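Here are some comments on the model, for your own check against the coordinates.

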Amino acid sequence: MIRNIKNLFSLALLLGSAAAMTLNSCKENIDDSDLYTFTGEMMTDHFVNNPEQFSSYLTLLSRVTPSKRSASTMRELLNARGHYTCFAPTNQAIAEYIASLYNAEKPQVSSLNLDEVPDSVAKSIVFNSIIENGNNEAYATTDFETGALGTTNMNDRYISISYGTEIANISQSGDTALNTIIYVNTNSKIIESDIEVENGYIHVVDHVLAPSTATVADLVISTPNMQFFGDLLKKTGWNSKLTNYKDEAWEEKHDDIRGTIYNGMNGGWEGLYPEHHYYGYTLFVETDSVYQSKGITDIESLKQWVMANNHFDDDTNQGHVTSWGTDYSSDYNWLNQFVAYHILPERLTYNNMVTFANEYGCDASMMKDRTPSQFYVNVWEYWETMAIQRRSIKITGCRHDGTIQRRINRVSKYNQKTYKENRGEMTEDDYGIRISDSNESYDNNALNGYYYPIDDILIWNSRVPNRVLNERLRFDITSLFPEMITNNIRQNRVNSWYFTEDYLAGIVDMTSSTDFEYLPNTSYSTGLGSWMDYQIDEFNIRGQYDFTMKLPPVPYTGTYELRYGVWANDNRGMAQIYMGENWKNLPAIGIPLDLRSSSGTNPSSTGWVAESSIAPTGTDSTSLFENQKTMRNLGFMKGPKYIQVNGGTGRDSQNNLRKIIYTGQFEAGKTYYIRFKSVLTSTNTEFFFDYIELVPKSVYSGENNEDIW
């Protein structure tokens, strides 16, 4: 009953918003014919009890098994307890889909008879229609938001939601109503929603969910309003570099453990090994109209535009001179570099480009329901592109023109004139490039990634390293491993995860005595003193651990501080840190890092003093910065004010710190590695790994004091 009230209220809000559009002879009308109450049925029971709608779907469910390890069928699975979201196609929808496969230029079925459909087709229809929500509740329409749902379907593909409207006649006098339509994967319309059964929700759709099986590059090439960039992908050869989908070798090697529960070799937390190891890509693509607005109609006019917009041979090119010739497949050719800067090596949904979590002014409980009115400070992420030059883009989640948007390489100025300022953004004319969440009526969900339209031309030029990225670079550790987001592990927040030594490409070496576990906050906990993490997740590494990983790139050559985010307690241990360019022979950096609150990170060794005792009114910024200098002399800084839990911030706890682990020269374009090795005999102590910061000297030793955020 409560869920149905929520559905009705949500629909009313949508209709109210849509009715603001000006339509002749229109009035609001809430059609509640598709809202269902609880029936007491299991999902399979509902399909059996409604054969006029679902007999074909039931036939397919009876043929398909959940996995090769299972002897039961999907029909049996959906008759058992659990939490499932099902986008069930009608008999007509299935018949139309089979006919489209039969009549295709290269037919995928040899008969229209459902019983003769290949097992692969039956599995595709069924797996694409079902989300297994695990311990979480199934998705009702009140849980939908524009973009991809957070949990992938049984085919490991994201399901995207969008909204539209249609005008319906409601009386003989010609009165009309504006009804809201929910679309799934662009072209499947929900015709009956929120059928609540014992083990989840059924949403009836008028077309089979059949996401594209094209690679992301081929999908761009075939998209009518992206022909120019599609041609660039072919000319540079990048289309042939973006074909990977699944790491079959990893899956075969680890077939005995993948998808299984593991409790850790030394009493860790329970977690899962990933079931699959997918590759993924994200492309940011200018539409043809964007190029035309700049007078760009061919390769030569693009070349002139790139030259005029300061593409330059900076240190990321590692001594190579950019070629302006026609060997477009060369890594150092101008066009190849231009295209490569549009490509990321991970599959990003629009919702996961940045993480809304516990940034200042908000707490974890808002994560699922963030609105413009609840938006207090920007959120951002730095993503390394596919270019061999190791160049990055910054994606900012910001409030712009009254909406929450994602923008590439936005230059943000903040209102932080006083020490206790709330850091609202002071906008200027360097707004960055807007990312659209979809491409009109064209599908942007490819087999191995997504593409997104952008409203201006994306280029690496002097502005990016010198303005956009010339700031404190804070990286959540999970963002440094593309596999985390591609395989729906990061931000999924369903359970904890363990990784084999060969799962994360950014980990170049890891001993067999290392338990490498990812811990997301699955309960959206908001209590002060727990989950004082950046983006409320962390890696917690146990055992006699010893692992080496790649560091993210710096934007320009210079002096940087490398900082490590600390959340100390007496379950932690001590680690020796090594860093350098040759990962097989890294020099030690300083003395071992002690993460135990009773020894290495207590106030007597860090200089931490509560700000309330230094400046009770919060206005004596001089005294506060003096304490900051004292801590820096001891190699520490307070945690960021940006991180908030239950009204407190990262600056309010003596256990939440930043350790300055290295200060020195970093060269743009080079790859640096860092190694962490336990120095204790105990195999049950924890290595906490949340975030790192790379901070240029212009920030930490510039004209103004570095901000507290």
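Predicted model: local features only at pLDDT ≥ 70, side-chain atom pairs only at ≥ 80, totals over all residues.

1. Residues are numbered from 1 along each chain as its sequence is written, and side-chain values use heavy atoms, with hydrogens and water left out.

2. The protein has a mean pLDDT (the predictor's confidence in each residue, from 0 to 100) of 88, and 89% of its residues reach 70 or more. For residues 1-35 the pLDDT is below 50, and this stretch has 58 contacts (heavy atoms within 4.5 Å) in the model beyond near neighbours in sequence.

3. An open sheet is formed by five strands, with antiparallel pairing and the order β23-β26-β34-β28-β29. Strands are DSSP runs of E, at least two residues, numbered from the N terminus; two of them pair if DSSP finds at least two bridges between them. β23 (507-510) and β29 (588-594) are at the edges with a single partner strand each, so one side of each has no neighbour in the sheet.

4. Within this sheet, β26 (residues 546-550) and β34 (residues 673-678) run antiparallel and are joined by five bridges. Lysine 550 stands opposite tyrosine 673 in β34.

5. Asparagine 521 lies in the loop between β24 (514-520) and β25 (537-543). Asparagine 521 has a relative accessible area of 1% and is buried (under 20%, with a 1.4 Å probe and protein chains only). Leaving out residues up to four places away in sequence, asparagine 521 touches Arg493, Trp531 and Ile536. Asparagine 521 and glutamine 535, 14 residues apart in sequence, are 9.1 Å apart in space, C-alpha to C-alpha.

Conventions. Helix = DSSP H or I, 4+ residues; strand = E, 2+ residues; numbered from the N terminus. Buried < 20%, exposed > 50% of the residue type's maximum accessible area, 1.4 Å probe, protein only.
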